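Hi,

Here is the model we talked about passing on. Have a look at it first, then read my notes below.

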Amino acid sequence: MKKILKTLALALCAAIIAAGALADNTETDSQLPPAPPSGEMNNGQQPPEPPDGNMNGQPPAPPSGDMNGQPPAKPDGENAPSGAPGGMPGGPGGSGAPTEYAAASTVTEDSQGASYTSSADSENAVLVSGDTVTLSGASVTKSGSSDGDSADFYGINATVLAKDGATLTVDNLTLDGDGAAATGNLIATAGSGSIVLNEGTVLTNNNGAHAVSLATRGGGTLTLNGAEITNNSSDSGAIWGGGHIIVNEGSKINSNSSPGSAGAIRMVGKCNLTMNGGEICNNKAAGDGGAIWGYGINGNTSVYDLKGGKISGN
């Protein structure tokens, strides 16, 4: 009997101890802090706000003008006209080339000792378009004005203009700018025109525009066979342009000046200069290239080949 009572007493003590341990665990769980609300950190602090424009972890919207990761359009003035580097003038055949030319006289056949004159603004005294013509012993005078690139680089208001594949040969002709502030070239090409200036031809006293302006896109060609280009002043060379410039024996490109670069010849784009003889002397430029200076366009490079002649005093 005593053994039975002793066993019951031990069982009762074990039950009491187990009940106490269960009560201690229940009290500990009830004292734990509540779970943090959604979005709150375990230390009770709120996470930082996302940056402006950042919603649910997504990147901010692109800035104005940026579409699908593409850069915004270039500002006005950064897209230079075709045929020219940014900020530099273009050339005939580019986006700014005129589509029509006005002329006092359109010459379609050889002329001997004729007289031509123009006093109107933006008008050529002589226009040769697509034909092969020789002007010999002519008298050509030009007045009237025109502004901007159309006069400087596209042949508007030039005294003589050869365009659209014309071949113009000039003998014994003096084109004199009279030393006034010129608003046009003495002689120019547009498109693929070609000019041959023979002995006895003089281009002089043109101040502010070129003595000769050659097309850069169409591949204008200038050949000097004993002609003289002297005492002209232009921001960018007495001779300006692309295509091919050929200087042969007896030719003189002397005493021209520029407040910019290139006193005598400015080569533009894919220009080739071949000097077989003659002289390029005593030309001055405030910038680079007292005699010759050039630059490429659209990956093209100007090239010169000096086979003979004299270059000095520049």
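A word on terms: two strands pair if DSSP finds at least two bridges between them, and strands (E, at least two residues) are DSSP runs numbered from the N terminus. Keep in mind that this is a predicted model, where local features need pLDDT of at least 70, side-chain atom pairs count only at pLDDT 80 or more, and totals for chains, interfaces and linings use all residues. Residues are numbered from 1 along each chain as its sequence is written, and side-chain values use heavy atoms, with hydrogens and water left out.

Strand E7 (residues 160-163) has two partners. With strand E10 (residues 187-190) E7 pairs in the parallel sense over 4 bridges, and Leu161 stands opposite Ala188 there. Strand E4 (residues 123-129) also runs parallel to E7, joined by 4 bridges; Ser129 has Lys163 as its bridge partner.

Are the faces of E7 covered or open? Both are covered: Val160 and Ala162 on one side, Leu161 and Lys163 on the other, are all buried (under 20% relative accessible area, 1.4 Å probe, protein chains only).

Strand E6 (139-142) gives the largest share of the lining, 4 residues, and strand E9 (174-176) supplies at least two.

Cheers

Conventions. Buried < 20%, exposed > 50% of the residue type's maximum accessible area, 1.4 Å probe, protein only.
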